[in-house]
Amino acid sequence: MASSRTVCVMDASGHLGSALVHLLLHRGYTVHAALQPHPNGFQSVEELFPCSNKNLKIFDADPFDYHSITAALKGCCGLFYCFEPPSDHSTYDEFMAEIEARAAHNVLEACAQTDTIEKVVFTSSVTAVIWNESRTGSDLDEKNWTDINFCKKFKLWHALSKTLAEKSAWALAMDRGINMVTINGGLLMTPDLTITNPYLKGAAEMYEDGVFVTVDLRFIADAHIRVFEDVSSYGRYLCFNHVINCSHDADKLAQMLLPSSDPSSPQSWEKARIYQQRISNKKLNNLMMEFENDQLLSN
C-alpha cells in the first residue's frame, strides 16, 4: 500500500529532476529519487542533494531495466518522469528517438504493473507540438502535434524524440488506464545552456513563427507539482513563461548562448521587428491561477 505522500522522481539527476526532488521534499513528500547508473559515476548524491533528509530515498533506476524501475516505484502514489539521455548516448541524433520512446514505454509499463501508482506527470516538450508543414497556420495549443515526417526531413531530432516518446507514453497510458498528464516545456533556461542544446535546432524558424518560448526552472517545476496535486488536471499542458519574439530578446539570448567575441554570434535577427505570438499556455495558466486561489482560501 502506498503512502499518499510518497512519490518517485525519475531521472532525478537532471536540472528539472533535482529541482523537483527539492520542492517535493519542501512540501512534505517522501521522495524516491531515481538516478541512472553511470559507468564513470554520476554527480555524487551529496552534490545533487546536499541536505540530508529522512524523507529522501535514492535508487539506481535504469529506464532500460524494468526491474530497477519497479523497485524505485514501489510504495509510490505518483511518478514525475523526466528523461535524461543515457551516458553512452548523450547526443540527440536519428537514433535517440527510438531510445527515448523505448524508455518511455518501459517506465509506463512499470507504472501499469505498480498497483499503488495513481498519477504520472510526464515531461515532454514544446518541440512535440510546433513542427509541421503548415508553419504559418493558426495559433498552436495542446491539441497540436509535431509531424514526424517533417522532423525526419529537416533532421529535427529533439522534436522527433520528444514526439515519439510522448506518443508512446500516451498510447500505453490509454491502453492500460494510467492517469497521466504531460508538461510540454519550452527551452529550459539553465546556467549551463549553450548553443549546442538540441532544442535550438530551428531556432530562427521558431522565432519568426512566434513559437520560440522559454521556461524558468522554478516555474516548470512548480507546474509539475500543481498538475500532480490538482485532481482535475488532464491531458497536455504547454509550459513556458517567456516568448522570444522581438530582436531585443533574441539578441539577449544570443549573447547568453555565445561569447560576444565569437564570430559566429548571430547578428541576423531582424531589427525592431516583433513577431506575433502564435502559441498559447492558457490551459496551464488557468490551472495555476485556480491553484493559487485555492491556497489563499485554505489559509
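## Stop 1

Select Asp222 and Arg218, whose side chains meet in a salt bridge with an N to O distance of 3.2 Å. The model is a predicted one. Both Asp222 and Arg218 belong to helix 8, where they sit four residues apart, about one turn of the helix. Residues three or four places apart in an α-helix point the same way, because the helix has 3.6 residues a turn.

Are the two partners buried or exposed? Asp222 has 19% relative accessibility, and the cut-off for buried is under 20%, so Asp222 counts as buried. Arg218, at 53%, counts as exposed.

## Stop 2

The model has seven salt bridges in total.

## Stop 3: the loop residue Glu133

Select Glu133, which is found in the loop between strand 5 and helix 5. Its relative accessible area is 54%, so Glu133 is exposed. Which residues does Glu133 touch, not counting those up to four places away in sequence? They are Phe150 and Lys153.

Take Phe150 next. Glu133 and Phe150 are 17 residues apart along the chain, and their C-alpha atoms are separated by 6.7 Å.

Then take Lys153, which forms a salt bridge with Glu133; the closest N and O atoms are 3.8 Å apart. Lys153 lies in helix 5 (residues 148-153), and the pair, 20 residues apart, links distant parts of the chain. Lys153 counts as exposed, with 55% relative accessibility.

## Stop 4: two backbone details

Move on to Lys155, in the loop between helix 5 and helix 6. Its phi is near 55°, a positive value in a residue other than glycine. Lys155 is partly exposed, at 48% relative accessible area.

Now select Met10 and Asp11. The peptide bond that joins them is cis, with omega about -5°. Asp11 is in the loop between strand 1 and helix 1.

## Stop 5

In soluble globular proteins, nonpolar side chains tend to be buried together. To see a case here, select Leu20, Leu24 and Val31. The largest nonpolar core has 33 residues, and these three touch the most other members. Two or more residues of this core come from each of strand 1 (6-10), helix 1, strand 2 (30-35), strand 6 (180-185), helix 8 (217-229), strand 9 (235-239) and helix 10 (282-298). Which element gives the largest share of this core? Helix 1 does, with seven residues.

Centre the view on Leu24. Beyond its neighbours within four places in sequence, Leu24 is in contact with Val7, Val9, Tyr29, Val31, Phe80 and Ile225. There is also a second, separate core of 31 residues, which includes Val126, Val129, Ala159 and Tyr207.

## Stop 6: the largest pocket

The largest pocket has a volume of about 860 Å³. Helix 1 (15-26), strand 5 (119-125), helix 6 (157-176) and strand 7 are the elements that give two or more residues to the lining. Strand 5 gives the largest share, three residues. Sorted by class, the lining holds 11 nonpolar, 13 polar and three charged residues.

## Stop 7: the buried side of helix 9

Finish with helix 9, residues 247-257. Which of its residues are buried? They are Ser247, Asp249, Ala250, Asp251, Leu253, Ala254 and Leu257.

Definitions and conventions: Residues are numbered from 1 along each chain as its sequence is written. This is a predicted model: local features need pLDDT of at least 70, side-chain atom pairs count only at pLDDT 80 or more; totals for chains, interfaces and linings use all residues. Side-chain values use heavy atoms; hydrogens and water are left out. Buried means under 20% relative accessible area, exposed over 50%, partly exposed in between (1.4 Å probe, protein chains only). On a 1 Å grid over the protein atoms alone, a cavity is a set of points where a 1.4 Å probe fits but cannot get out, and a pocket is an open set with protein on both sides within 12 Å along at least five of seven lines; lining residues have an atom within 4 Å of a point. Grid points are joined across faces, edges and corners, and a volume is the space filled by probe spheres set on the points. Ala, Val, Leu, Ile, Met, Phe, Trp, Tyr, Cys and Pro count as nonpolar, Asp, Glu, Lys and Arg as charged, and the others, Gly among them, as polar. A nonpolar core is a set of buried Ala, Val, Leu, Ile, Met, Phe, Trp, Tyr and Cys residues joined through side-chain atoms within 4.5 Å. Contact means heavy atoms within 4.5 Å. A salt bridge is a side-chain nitrogen of Lys or Arg within 4 Å of a carboxyl oxygen of Asp or Glu.
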